[in-house]
Amino acid sequence: MANKDVDMVDAAVRAPDSNGYAQLLQTNHSDAFAFSETEELALQLYDQLRELELQQSLIQAQQAGMSHPAASLQHEAMEAKAEYDIRNKITDNVLVMDPVLKAVHGGEQTPFGEKRILPLIAENDTVSMVHGLETSKLAAVTRTLSVAEQGNIAAKQKNRELAQTMLALAEEMKKQSAQDIQDAQLRQRVDAVEKEVKESRRRVSTLKGILSAMVVGSGINWAADEALTELVMDDEE
């Protein structure tokens, strides 16, 4: 089969995207890379070879452990699979490193095959940069959320304490006579506690609304986390 090289051609220029990283992730060579027929055949044969190697490793592990208990046989099969994966990972790194180095540092002497992957290397670096940026943003949001959650927990605890104080005062008032309830000092204490409870509940409600908006707006899958779901959906106490 003849080896027909596939040239890199400029793709159509896309309109700028102000709402994301689409423009940053696109180059004139985006989606323009294609394997030749010979390359596709070589990759198919390579995949078949790997599948046969995996089956051979598992068969050898089974034959070596036929006289062993089932648990030992399973352990040997897992070891064979792990050894196979490690060997292939090392092989991939070795096979990939040479053309990448030639594409990046080869200069004018770089063969055509390596030149074809240079735009893809640049795009991979860009994706890695964007991924790192998004990871940093996520970490910052997570730290802010953690601090806000701690504040929310403290506010809820304070609210519970004030509610208990209010209940205790209410019980105390029930035990008093009508003349004692009308006592100016006691009434002043009750009014002060009621105001503090209302203010505390208002702060808790405001803080909870901010936290809920941050969680929903961050894009985190809060529905899969019990604590975040309780934070977003829990009714005000």
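What follows is a short chat about a predicted model of one protein chain.

Reader: What should I know about the model first?
Author: This is a predicted model, where local features need pLDDT of at least 70, side-chain atom pairs count only at pLDDT 80 or more, and totals for chains, interfaces and linings use all residues. Residues are numbered from 1 along each chain as its sequence is written, and side-chain values use heavy atoms, with hydrogens and water left out.

Reader: How many helices and strands in the secondary structure?
Author: Seven helices and zero strands. Along the sequence the pattern reads α-α-α-α-α-α-α. Helices (H or I, at least four residues) and strands (E, at least two) are DSSP runs, numbered from the N terminus.

Reader: What share of the residues is buried?
Author: Of 237 residues, 19% count as buried. Buried means under 20% relative accessible area, exposed over 50%, and partly exposed in between (1.4 Å probe, protein chains only).

Reader: And the accessible surface of the chain? What does that come to?
Author: About 17200 Å², with 57% of that belonging to carbon and sulfur atoms. The areas come from the Shrake-Rupley method with a 1.4 Å probe; for residues, only the protein chains shown count as cover.

Reader: What about contacts between residues at least 6 apart in sequence? How many join residues at least 24 apart?
Author: 59% of them do. Contact means heavy atoms within 4.5 Å.

Reader: Switching to the core. Which residues make up the largest nonpolar one?
Author: There are seven: Leu-145, Ala-148, Leu-211, Val-215, Leu-228, Leu-231 and Val-232. The elements giving two or more residues to this core are H4, H6 and helix H7 (226–233). H7 gives the most, with three residues. A nonpolar core is a set of buried Ala, Val, Leu, Ile, Met, Phe, Trp, Tyr and Cys residues joined through side-chain atoms within 4.5 Å.

Reader: Take Ala-148. What is it in contact with, beyond its neighbours within four places in sequence?
Author: Leaving those neighbours aside, Ala-148 is in contact with Leu-207 and Leu-211.

Reader: Back to H7. Which residues are buried there?
Author: Leu-228, Leu-231 and Val-232 are buried in H7. Seen down the helix axis, the buried residues of H7 fall within an arc of 90 degrees, so they line one face. The arc is taken over the directions from the helix axis to the C-beta atoms.

Reader: What does the face turned away from that buried side carry?
Author: Two exposed residues of H7, Glu-226 and Met-233.

Reader: New topic. How many salt bridges does the structure hold?
Author: Three. A salt bridge is a side-chain nitrogen of Lys or Arg within 4 Å of a carboxyl oxygen of Asp or Glu.

Reader: Which residue forms one with Arg-202?
Author: Glu-199, with the closest N and O atoms 2.4 Å apart. Arg-202 and Glu-199 are separated by about one helical turn, because they are three residues apart in helix H6. Arg-202 is partly exposed at 46% relative accessible area, and Glu-199 is partly exposed at 31%.

Reader: And Arg-203?
Author: Arg-203 also forms a salt bridge with Glu-199, the closest N and O atoms being 3.7 Å apart. Those two are four residues apart in H6, so about one helical turn separates them. Arg-203 counts as partly exposed at 45%. Shared partners join Glu-199, Arg-202 and Arg-203 into one network.

Reader: How far apart are N and O in the Glu-134 and Lys-137 bridge?
Author: 3.9 Å. Glu-134 and Lys-137 are three residues apart in helix H4 (residues 112–175), so about one helical turn lies between them. Glu-134 is partly exposed at 34%, and Lys-137 is partly exposed at 42%.

Reader: What about Ser-200, buried or exposed?
Author: Buried, because its relative accessibility is 2%. Ser-200 is in helix H6 (residues 184–217). Leaving aside neighbours within four places in sequence, Ser-200 is in contact with Ala-155, Lys-158, Asn-159 and Leu-162.

Reader: Last one. Which residues form a nonpolar patch on the surface?
Author: Ile-86, Ile-90 and Val-94, with about 300 Å² of accessible area together. Patches are made of residues with over 30% relative accessible area and no salt bridge: like charges are joined within 9 Å, nonpolar side chains (Val, Leu, Ile, Met, Phe, Trp, Tyr) within 5 Å. Ile-86 is in helix H3 (residues 70–105) and counts as exposed at 53% relative accessibility.
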